[in-house]
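Dear colleague,

Please find below the structure that I am handing over to you, followed by an account of what was found in it. I would be grateful if you would read the account alongside the coordinates.

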Amino acid sequence: MTYHNQTLFVTVGTTRFDALITHISSESVLETIATQTGFTHLILQHGHSPLHPTLLSLPSTRTTLFETEATSITYSPTFTVTVFPFTNNINPFLSSANLVLSHAGTGSILESLRLLKPLIAVPNPILMHNHQLEIAQKMHSEGVLVCCESVTDIESILVDWKRLFKDVDPEKWGRGRAEGEGSRKVMRVVLEEAFS
């Protein structure tokens with residue numbers, strides 16, 4: 001199974017999600033991504049969350065990617081990791097990705113769906129009464145993304161992502177809805193959870 005220029009983009013937006021970032025940048029998960037998923041490049045937007053010390057111990061160089069200062073790490077001859085904390089424009093990163101793995105924040109979800117990107121949403125259980133879980137589960141049940149309820153499930157989902165996404169269609173979220181209806185539906189789910 002050979003893939004060329006396959007990019008996995010991981011983002012936590014402007015929030016902290018230490019469990020996700022530490023897990024995804026650990027040696028065992030990086031090894032799985034590099035050898036079992038077909039991805040050749042991991043782009044990791046980590047916000048204020050710390051990277052795993054193993055990743056930080058690898059040789060790195062400063063680089064610029066989509067006008068964002070970043071650090072490039074050659075994990076193996078066929079797999080590179082690019083990390084950065086924040087960017088003023090997330091769209092080029094989302095657009096270039098073959099798969100997006102994101103915290104389940106509404107902004108990140110909606111932007112990925114708008115760009116019709118296959119999306120794995122990982123709820124951050126420490127935020128706002130765990131509303132991200134309800135949003136991700138609802139959108140998973142509608143077949144527009146894959147909900148990964150625990151960071152410990154990330155590896156198995158990534159290994160099997162192509163099969164999992166055969167029945168997922170990001171276009172379903174907006175199809176047949178008036179402009180902005182998808183956003184309004186997400187806000188209804190958030191408000192229902194906040195006031196229940």
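Helices (H or I, at least four residues) and strands (E, at least two) are DSSP runs, numbered from the N terminus, and two strands count as paired if DSSP finds at least two bridges between them.

As to the basis of what follows, this is a predicted model, in which local features need pLDDT of at least 70 and side-chain atom pairs count only at pLDDT 80 or more, while totals for chains, interfaces and linings use all residues. Residues are numbered from 1 along each chain as its sequence is written, and side-chain values use heavy atoms, with hydrogens and water left out.

The sheet

The sheet is open and has eight strands in the order β3-β4-β5-β2-β1-β6-β7-β8, with mixed pairing. Its edge strands, each pairing on one side only, are β3 (60–65) and β8 (146–147). Strand β7 (residues 119–122) runs parallel to β8 and is joined to it by two bridges.

Strand β5 (residues 79–84) is largely enclosed by the rest of the structure, because five of its six residues are buried; buried means under 20% relative accessible area, exposed over 50%, and partly exposed in between (1.4 Å probe, protein chains only). Strand β2 (residues 41–45) pairs with β5 in the parallel sense over five bridges, and H41 has T80 of β5 as its bridge partner. The pairing of β4 with β5 is antiparallel, again with five bridges. These two strands form a hairpin with two residues between them, and I73 stands opposite V81 in β5.

T71 belongs to strand β4 (residues 68–76). With a relative accessible area of 15%, T71 is buried. Its side chain makes a polar contact with that of R62 at 2.6 Å; a polar contact is a pair of N or O atoms within 3.5 Å, where within protein one must be able to donate a hydrogen and the other to accept it, and residues adjacent in sequence count only if both atoms are side-chain atoms. Beyond its neighbours within four places in sequence, T71 is in contact (heavy atoms within 4.5 Å) with S60, T61, R62, T63, V81, T82 and V83.

Loops

S57 lies in the loop between α3 (53–56) and β3 and is exposed, at a relative accessible area of 57%. A polar atom of the S57 side chain lies 2.6 Å from the backbone oxygen of T54. S57 and I73 are 16 residues apart in sequence, and their C-alpha atoms are 9.8 Å apart in space.

E67 has a positive phi of about 65°; it is placed in the loop between β3 and β4 and is exposed, with a relative accessible area of 79%. L116, in the loop between α5 and β7, has a positive phi of about 60° and is partly exposed, at 44% relative accessible area.

Helix α5 and the cores

In helix α5 (residues 106–114), the buried residues include S108, I109, E111, S112 and L113. Among the elements that cover the buried residues of α5 are α4 (91–96), β6 (99–103), β7 and α6 (131–141).

A nonpolar core is a set of buried Ala, Val, Leu, Ile, Met, Phe, Trp, Tyr and Cys residues joined through side-chain atoms within 4.5 Å. The largest has 34 residues, and L101 and I120 have the most contacts inside it. Helix α2 (residues 27–36) gives the largest share of this core, four residues. A second, separate core has 22 residues, among them F84, V100, I135 and C147.

Cysteines

The structure holds zero disulfides, a disulfide being a pair of cysteine sulfur atoms within 2.5 Å. For C147, the nearest cysteine sulfur is that of C148, 7.2 Å away. C147 is buried at 12% relative accessibility, and C148 is buried at 1%.

Yours sincerely
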